[in-house]
Amino acid sequence: MITEYGYTLKVDEKSDIYSYGVVLMELVTGKRPIEAEFGDSVDIVEWVRRKIRENKSLTEVVDLNVGNCKHVEEEMVLVLRIALICTAKLPKDRPSM
């Protein structure tokens, strides 16, 4: 699993929150942390961020196989937003648990 530790070699609450965000992204998107479709040296966090920068709707990122109703899709987008906050680039911008 991809973790911030792999990049910074630091372990603290904020790196745990980053990892939690990655797990949420995995659950909501149905993707692994690293997939060939993301491109070289691109992980799930960067893939989601790129989709947002490309003005893609967050609903295009969620795994639509999970639920087939608008309510489930809306809830998945909310969880994805939490995941994005948890994986903020700067640790100080991440929430506390």
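Helices (H or I, at least four residues) and strands (E, at least two) are DSSP runs, numbered from the N terminus. On that basis the chain holds 4 helices and 0 strands, in the order α-α-α-α from the N terminus on. This is a predicted model, so local features need pLDDT of at least 70 and side-chain atom pairs count only at pLDDT 80 or more, while totals for chains, interfaces and linings use all residues. Residues are numbered from 1 along each chain as its sequence is written, and side-chain values use heavy atoms, with hydrogens and water left out.

**Chain overall**

- Buried residues (under 20% relative accessible area; exposed is over 50%, partly exposed in between; 1.4 Å probe, protein chains only) make up 39% of the 97 residues.
- The accessible surface (Shrake-Rupley method, 1.4 Å probe; for residues, only the protein chains shown count as cover) comes to about 6200 Å². Carbon and sulfur atoms own 53% of that surface.
- Contact means heavy atoms within 4.5 Å. Among contacts between residues at least 6 apart in sequence, 48% join residues at least 24 apart.

**Helix α2**

- Helix α2 covers residues 13–29, which is 17 residues. From first C-alpha to last, α2 reaches 24 Å.
- That is close to the expected 24 Å at 1.5 Å a residue; the expected span is 1.5 Å times one less than the number of residues.
- Asp12 caps the N-terminal end of α2, with a side-chain oxygen 3.1 Å from the backbone nitrogen of Lys14. This is a polar contact: a pair of N or O atoms within 3.5 Å, where within protein one must be able to donate a hydrogen and the other to accept it, and residues adjacent in sequence count only if both atoms are side-chain atoms.
- The buried residues of α2 include Ile17, Tyr18, Val22, Leu24, Met25 and Val28.
- Just after α2, Gly30 has a positive phi of about 75 degrees.

**Helix α3**

- Helix α3 spans residues 44–53. At its start, a side-chain oxygen of Asp43 comes to within 3.0 Å of the backbone nitrogen of Val45.
- Ile44, Val45, Glu46, Trp47, Val48 and Arg49 are the buried residues of α3.
- The cover over these buried residues includes α2 and α4 (70–86).
- Asn55 follows α3 and has a positive phi, near 60 degrees.

**Salt bridges**

- A salt bridge is a side-chain nitrogen of Lys or Arg within 4 Å of a carboxyl oxygen of Asp or Glu. By this rule there are 5 salt bridges.
- Glu46 and Arg50 form one of them, at 3.4 Å from N to O. The two residues are 4 apart in α3, so about one helical turn separates them.
- An α-helix has 3.6 residues a turn, so residues three or four places apart point the same way.
- Glu46 counts as buried because its relative accessibility is 19%. Arg50 is partly exposed, at 36%.
- A network of salt bridges links Glu46, Arg50 and Arg53.
- Lys31 pairs with Glu37, the closest N and O atoms being 2.9 Å apart. Lys31 is partly exposed, at 21% relative accessibility.
- Lys92 and Asp93 form a salt bridge too, with the closest N and O atoms 3.3 Å apart. Lys92 is exposed at 66%, whereas Asp93 is partly exposed at 41%.
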